[in-house]
Amino acid sequence: MRRITVIALNTFRENLRDKILYNLLFFALLLMGGSVLLADLTIMEHRRIVTDMGLATMNLVGVIIAAFVGIGLVGKEIERRTVYTILARPITRTQFIIGKYLGLVLTLLVNVTVMLAVFIVTLWMYRTPFHAALFQAVGLIFIELLLVTAIALFFSTFSTTTLSAIMTLGFYVIGHLTTDLKGLGENSQNAAVQSVVTWLYYLCPNLDVLNVKGQASANGIVDMSYVAVASMYGLLYAALLLTAACAVFRHRDF
Amino acid sequence: MNAIVIDRLTKVYRSSWFGRAPMPALDGLSLSVQQGEIYGFLGPNGSGKTTTLKILMGLMQATSGGAEILGKPLGDVQVLHRIGFLPESPYFYEYLTAEEFLTFYGHLAGLERAVLGWKITQLLDLVGLAEARTRQLRKFSKGMLQRIGLAQALIHDPDLIVLDEPMSGLDPVGRKQVRDLILSLRDQGKTVFFSTHIIPDVEMICDRVAIVVKGKLLAEGRVDELVNPGHAQSVEVVCEGIKAGEVAAIAAVATRVLQRGEHSLVVLPGPEQVEPVLSAIRTQGGKLVSVAPQKGSLEELFMKQTGATPTGAGWPATVGGSSE
């Protein structure tokens, strides 16, 4: 466990010293601040615009960090050959993968916390009461980020950085369209399309399950049992991908 | 007792999806490194040195064959507690300072913070980087990176140190420092196994060497055993006052004649040819400068084993007895 912690903390430190992360965070804070201006310029319900934009920004920036930093977690280590000296230490490859994953999870946690704090301040400035539904939405956004990180990490254990990025974003997009995919399959007359779509439906995670942003901005509290099941679904999927990533990485030559 | 035993190690890189044929990197390589010795693993680029080291360090799996390190089979993670490794042209986390970098590797090796404090100071002094303790690695030169890499390999006081081209990228002073460091490690009873293609380094410090070409072991043993001690293999005669074109008689018996102005360097295959050449020099009115019997060198052996041809540095070479 100690070696996992050492790898995780080093990954966290690496992320903290990366200027791109600060740029993204600045971009997020700018968007959240901008939502106040946008709300003033529209005739729609101001509170809803601020809430929608805040949650969407948190989600977008979080996914960008999870996907792109996640791909580099292992990919960069292999490309720059820093992995050589680490794996020549008494550390298993599984410990290395889990440590890298936890390091990025810690980074995401800090980022989401900062963005949430700014979001709350924004809502407070607008005298908008924040309620449990917002925290439910942010919680499930975080679960989605854990899942996207695991997808990116999985692909980066056996693929190039570019290909990993394409596949991760592909998984993410399809993950939000699985319900439509199912409908497409059911309505298609072509057996091959039906087969491919069915495979994709079962293979890709259903990320829409983790999306309760709409309910949150409408102040609708989601049933806690739903949140619990959705969270379990996301965590289980991430755990499966991590296990697969470890299995692939264990057999990889450097 | 052996620190490393490599037994018929074979590695074939698999064919790619695009139809590239499988590429053999190691072909039944066997060798052994004794504890407490400095062992040089010599070979030209692409001979399989790095592949061998990667397999030993668990970074790559062998296609067949096996190896034991410090009495443990390949893949035993615990034995890595006793091994320090420096890869070729190492890349490290450039956002870390030298101190943070060594702390990270120390923690990975299971060292406590209290021990690390003085250990880091000692190692930075040893590799001449005490001044750069708080500098980020991104500001390090290639030579400094090589030295901090050596420090990370030694942070946990290993019994066996495996180094891949440790002198590459270093200036003459840096190379001497690394050579001295390797010798001091041997004096402490540690085993050093290092790959290189810089022959003088091997000749100077290695107890034993192996020459590997195209994944096969071509020679292994003590340097002096390998190059036939005490037997002059060739004789170099240096003379002056003989012009090019006047040395037909000399060229007839020489393996090589190198001419620069009126100075001639004549390489003879053995001592038997010395007398005829000296008479030829006298006949031509030349002046003898020196006669030096040459013992075999590791470089000659290496060139012979790898099928390469040596050339005289700084001299226009004429090989095969003719002159310019």
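Start by selecting D187(B): it counts as exposed because its relative accessibility is 61% (buried means under 20% relative accessible area, exposed over 50%, partly exposed in between, with a 1.4 Å probe and protein chains only). This is a predicted model, so local features need pLDDT of at least 70 and side-chain atom pairs count only at pLDDT 80 or more, while totals for chains, interfaces and linings use all residues. For your selections, residues are numbered from 1 along each chain as its sequence is written, chains are lettered from A and ligands numbered from 1 in the order in which they are written, and side-chain values use heavy atoms, with hydrogens and water left out.

D187(B) makes a salt bridge with R186(B), with 3.9 Å between the closest N and O atoms (a salt bridge being a side-chain nitrogen of Lys or Arg within 4 Å of a carboxyl oxygen of Asp or Glu). R186(B) counts as partly exposed, at 23% relative accessibility.

Next, pick R208(B) and E220(B), whose side chains meet in a salt bridge at 3.8 Å, N to O. R208(B) sits in strand β9 (residues 208-213) of chain B and E220(B) in strand β10 (residues 216-222) of chain B, so this pair ties together parts 12 residues apart in sequence. Helices (H or I, at least four residues) and strands (E, at least two) are DSSP runs, numbered from the N terminus. How exposed are the two partners? R208(B) is buried, at 12% relative accessible area, and E220(B) is partly exposed, at 30%.

Another pair to show is K49(B) with E165(B), a salt bridge at 3.8 Å, N to O. Here the partners are 116 residues apart: K49(B) is in helix α1 (residues 49-56) of chain B, and E165(B) is in the loop between β7 (160-164) and α5 (172-187) of chain B. K49(B) and E165(B) are both buried.

Stay in chain B and select residues 113-126, helix α3. Show side chains for L116(B), K119(B), I120(B), L123(B) and L124(B), the buried residues of α3(B). They pack against α2 (98-108) and α4 (142-154) of chain B. Just past α3(B), G128(B) has a positive phi of about 70 degrees.

Switch to chain A, which has 11 helices and zero strands. Which share of its 254 residues is buried? Buried residues make up 51%. The C-alpha trace spans about 60 × 55 × 30 Å along its principal axes.

Select residues 46-79 of chain A, helix α3: 34 residues should span 50 Å at 1.5 Å a residue, and the end C-alpha atoms are 48 Å apart, which agrees. Center on L73(A), where α3(A) bends by about 40 degrees (the angle between axes fitted to the seven residues ending there and the seven starting there). Just after α3(A), R81(A) takes a positive phi of about 65 degrees.

Last stop: color the salt bridges. The structure holds 22 of them over all chains.

Technical notes. Expected span 1.5 Å × (residues − 1). Contact = heavy atoms within 4.5 Å.
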